[in-house]
Amino acid sequence: MAEAAVARETLFALRETIARLEGRPIPALAAVAHEARAAEPEVGSADAVQPLAIGVADLDEAMQGGVPLDALTEIRSLALRDAGAASGFTLALAARLRALAARPGGQAAGKTAAVSPVLWIGDTVAAMEAGLPYAIGLRDFGLEPAGFLQASPRKLEEALWLAEAALVSAAFAVVILEVRGNPARFGLTESRRLALRAKAAGRPLFLLRQAGEEEASSALFRLAVEPAPALARPLPDGSLLGGSIGHPAFRLTLEKSRNPAPFPITLEWNAHDRQFAPVLDTQRPAFPGEYAAHSGADLSASADRPDRPQAMGSVLAFDRSA
């Protein structure tokens, strides 16, 4: 198994080099897809690893059951200002994985995920711009800080080595590798190595690409994440608590998938239940009893305000000095 994986990796690297020299990247990408299909076990077979169901039918169907637990999945923020949304969605997936594994009769591939920690390999530049995961915030978000480990390598090469070593050790429920932008030293070959390591170890790897562009990758799926307005819940008497907001919400676009996914979808994360719920329209109630966090009357335009400037009266013109 290991020798076959190394052979496939070497063959892929050679194909990529030839394609780059010839200026034809499409054959290399086709080779990636072909090898991925050949190497994966059939769905429903004894060797198949059941995916992590997100809990939303349309999205799970487009992702062939959910997020794969033995492969590379890329989660991308469009700009660094959206880093919090992409990070939050990634951590929500990790929390859901641990929660489902802890239930009786949990997923076979995730039985040890309930006790195994989550490893976050952060990017130093992204951390300076967007911050680091916060222990108290992790608990409120659905993850126990005691089961969360964080590393901050100074160089990208060290981060890639750490991600591979963590996957090989199979000591973590999930490995999250944060990368800022599209560095030249992290290309198709490097992502292929990580995908092979995840497949061999039978563990998930989430590539969190902050403020990056779409590029060729060995990830089975790529999701673009943007922040979305939260929904406020009413009190038992039907009134709204002033200034309150609801669960975190994310706007997802499935950019890479074998199944057509022409939709962006908005999900909200319930940290208490560790589950997602779809939001059909962030401006109107998605379910009975739900209201937009800013559902009050819109502010009037400046020209229509009652305190707009009054019209000027008589004007006295002074003689222009010589």
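**Reading contacts, burial and packing in a predicted model**

Q: Which residues does Thr90 touch, not counting residues up to four places away in sequence?
A: Contact means heavy atoms within 4.5 Å. Thr90 touches Ile75, Ile176, Phe206 and Leu208, with residues up to four places away in sequence not counted.

Q: What should I know about the model?
A: This is a predicted model: local features need pLDDT of at least 70, side-chain atom pairs count only at pLDDT 80 or more, and totals for chains, interfaces and linings use all residues. Residues are numbered from 1 along each chain as its sequence is written, and side-chain values use heavy atoms, with hydrogens and water left out.

Q: Where is Thr90 found, and is Thr90 buried or exposed?
A: Thr90 is found in helix 4. Helices (H or I, at least four residues) and strands (E, at least two) are DSSP runs, numbered from the N terminus. Buried means under 20% relative accessible area, exposed over 50%, partly exposed in between (1.4 Å probe, protein chains only). Thr90 has 0% relative accessibility, so Thr90 counts as buried. Ile75 is one of its contacts. The C-alpha atoms of Thr90 and Ile75 are separated by 7.3 Å, and the two residues are 15 apart along the chain.

Q: How many helices and strands does the protein have?
A: Its secondary structure comes to eight helices and eleven strands. The protein has 322 residues, and 43% of them count as buried. Now take contacts between residues at least 6 apart in sequence. Among these, 71% join residues at least 24 apart.

Q: What does a polar contact join to Glu74?
A: A polar contact is a pair of N or O atoms within 3.5 Å; within protein, one must be able to donate a hydrogen and the other to accept it, and residues adjacent in sequence count only if both atoms are side-chain atoms. Here the side chains of Glu74 and Arg209 are joined at 2.8 Å. Glu74 lies in strand 1, residues 72–77. Its relative accessibility is 0%, so Glu74 counts as buried. Beyond four places in sequence, Glu74 touches Leu207, Arg209, Ser217, Ala219, Phe221, Arg222 and Leu223.

Q: Where does Asn182 lie, and what does its side chain reach?
A: Asn182 lies in the loop between strand 4 (174–180) and helix 8. At 31% relative accessibility, Asn182 counts as partly exposed. Its side chain reaches the backbone nitrogen of Glu213 at 2.7 Å. Asn182 and Glu213 are 31 residues apart along the chain, yet their C-alpha atoms are separated by 6.7 Å. A polar contact of 3.1 Å also joins the side chains of Asn182 and Glu215. Beyond four places in sequence, Asn182 touches Arg209, Gly212, Glu213 and Glu215.

Q: Is Ser116 buried or exposed?
A: Ser116 has 10% relative accessibility, so Ser116 counts as buried. Ser116 is found in the loop between helix 4 (83–102) and strand 2 (118–121). Its contacts beyond four places in sequence are Arg98, Ala171, Phe172 and Ala173.

Q: At what angle do helix 7 and helix 8 pack?
A: Axes are lines fitted to C-alpha atoms, for helices over the stretch in contact, and angles run from 0 to 180 degrees between N-to-C directions. Helix 7 (residues 156–169) and helix 8 (residues 188–201) pack at about 15 degrees, with their axes 8 Å apart. Angles under 35 degrees count as roughly parallel, over 145 as roughly antiparallel, 65 to 115 as roughly perpendicular and the rest as oblique. Helix 7 and helix 8 are therefore roughly parallel to each other.

Q: Which residues in helix 7 meet helix 8?
A: Leu160, Ala163, Glu164, Leu167 and Val168 in helix 7 do. They meet Glu190, Arg193, Leu194, Arg197, Ala198 and Ala201 in helix 8.
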